[in-house]
Structures are given as C-alpha cells and as structure tokens.
Amino acid sequence: MCKGYIVTREPKVEGTSIEEWDVIIYDAMEAPILFVRDPDGEDKRGIPIEHVKAVIEVNATLTKINAAKVHEKLSKLKELLD
C-alpha cells in the first residue's frame, strides 16, 4: 500500500493525464519498484497497472464537487483497465 501514481505500458494515453492516488493497494511481492516524475518535478512511486488491486481517494469533506472529481478520476482509471 502506498501513495503514488499508476503506470501503464502506454507512455501516454490520449485524453488522460497522470494523476496521483492517495492510497494504492497493490501486489508488493510482484510489482517492480518504479518512480515517476510528477508535474512539480518530484520523484514519486509508480505502480504498474497490472499489479494494482484497489485505489482509495481521501477527502477531508464529502461534497458533490469532491464526489464528482473522484468519479471522473475513477472513470479515467477504468478506461485504462478496459
């Protein structure tokens, strides 16, 4: 389990941008250790999508706007999984 990015085999998937996930649950025994440079230039952990089991987004408050943003983010991830 970690905070970081989900990495795909495609270097860039059209219409999606790299997004950070608050909690990524993954197969730590099988997943290689990767690092991704985020938009701010910092190196963050990158988990290959084939090793991801679940993701969790954490928000301090539940609002319609926050829920819509998380839904959109999860929809982009679902497209990558299909």
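Student: Where does alanine 31 lie?

Tutor: Alanine 31 lies in the loop between strand 2 and strand 3. Keep in mind that this is a predicted model.

Student: Is alanine 31 buried or exposed?

Tutor: Alanine 31 has a relative accessible area of 11%. The cut-off for buried is under 20%, so alanine 31 counts as buried.

Student: And what is alanine 31 in contact with, leaving aside neighbours within four places in sequence?

Tutor: With those neighbours left aside, alanine 31 is in contact with Tyr26 and His51. As for valine 52, 21 residues away along the chain, its C-alpha atom is 8.7 Å from that of alanine 31.

Student: Which residues make up the largest nonpolar core?

Tutor: It has 10 residues in all: Cys2, Ile6, Trp21, Ile24, Tyr26, Ala31, Ile47, Ile49, Val52 and Leu77. Strand 1 and strand 2 are the elements that give two or more residues to this core.

Student: Which strand gives the most to this core?

Tutor: Strand 2 does, with three residues. As a general point, nonpolar side chains in soluble globular proteins tend to be buried together.

Student: What about isoleucine 24, what does it touch beyond four places in sequence?

Tutor: Isoleucine 24 is in contact with Met1, Cys2, Gly4, Tyr5, Ile6, Ile47, Val52, Ala54 and Val55.

Student: Changing topic: what is the order of the strands in the sheet?

Tutor: The sheet is open and has five strands in the order 3-4-1-2-5, with mixed pairing. Its edge strands are strand 3 (34-37) and strand 5 (52-56), each of which pairs on one side only. On average, neighbouring strands are turned by 60 degrees against each other, direction ignored.

Student: How many bridges join strand 1 to strand 2?

Tutor: Three bridges join strand 1 (residues 2-7) to strand 2 (residues 20-26), and the two strands run antiparallel. Tyrosine 5 stands opposite glutamate 20 in strand 2.

Student: Which strands does helix 1 touch?

Tutor: Helix 1 (residues 64-81) packs on the sheet and touches strand 1, strand 2 and strand 5. The direction of helix 1 makes about 50 degrees with that of strand 2.

Student: OK, salt bridges. How many does the structure hold?

Tutor: The structure holds four salt bridges. One of them joins glutamate 20 to lysine 44, with the closest N and O atoms 3.4 Å apart. Glutamate 20 lies in strand 2 and lysine 44 in strand 4 (residues 43-48), so this pair ties together parts that are 24 residues apart in sequence.

Student: Is glutamate 20 buried or partly exposed?

Tutor: Glutamate 20 is partly exposed, at 23% relative accessible area. Lysine 44 also counts as partly exposed, at 24%.

Student: What does lysine 73 pair with?

Tutor: The side chain of lysine 73 meets that of glutamate 57 in a salt bridge, 3.2 Å from N to O. Lysine 73 is in helix 1 and glutamate 57 in the loop between strand 5 and helix 1, 16 residues apart, so the pair links distant parts of the chain.

Student: Which of the two is buried?

Tutor: Lysine 73 counts as buried at 12% relative accessibility, whereas glutamate 57 counts as partly exposed at 24%.

Student: And what does lysine 76 form a salt bridge with?

Tutor: Lysine 76 forms one with glutamate 72, the closest N and O atoms being 4.0 Å apart. These two residues are four apart in helix 1, so about one helical turn separates them. Glutamate 72 is partly exposed, with a relative accessible area of 47%.

Conventions:
Residues are numbered from 1 along each chain as its sequence is written. This is a predicted model: local features need pLDDT of at least 70, side-chain atom pairs count only at pLDDT 80 or more; totals for chains, interfaces and linings use all residues. Side-chain values use heavy atoms; hydrogens and water are left out. Two strands pair if DSSP finds at least two bridges between them. Axes are lines fitted to C-alpha atoms, for helices over the stretch in contact, and angles run from 0 to 180 degrees between N-to-C directions. Contact means heavy atoms within 4.5 Å. Buried means under 20% relative accessible area, exposed over 50%, partly exposed in between (1.4 Å probe, protein chains only). A nonpolar core is a set of buried Ala, Val, Leu, Ile, Met, Phe, Trp, Tyr and Cys residues joined through side-chain atoms within 4.5 Å.
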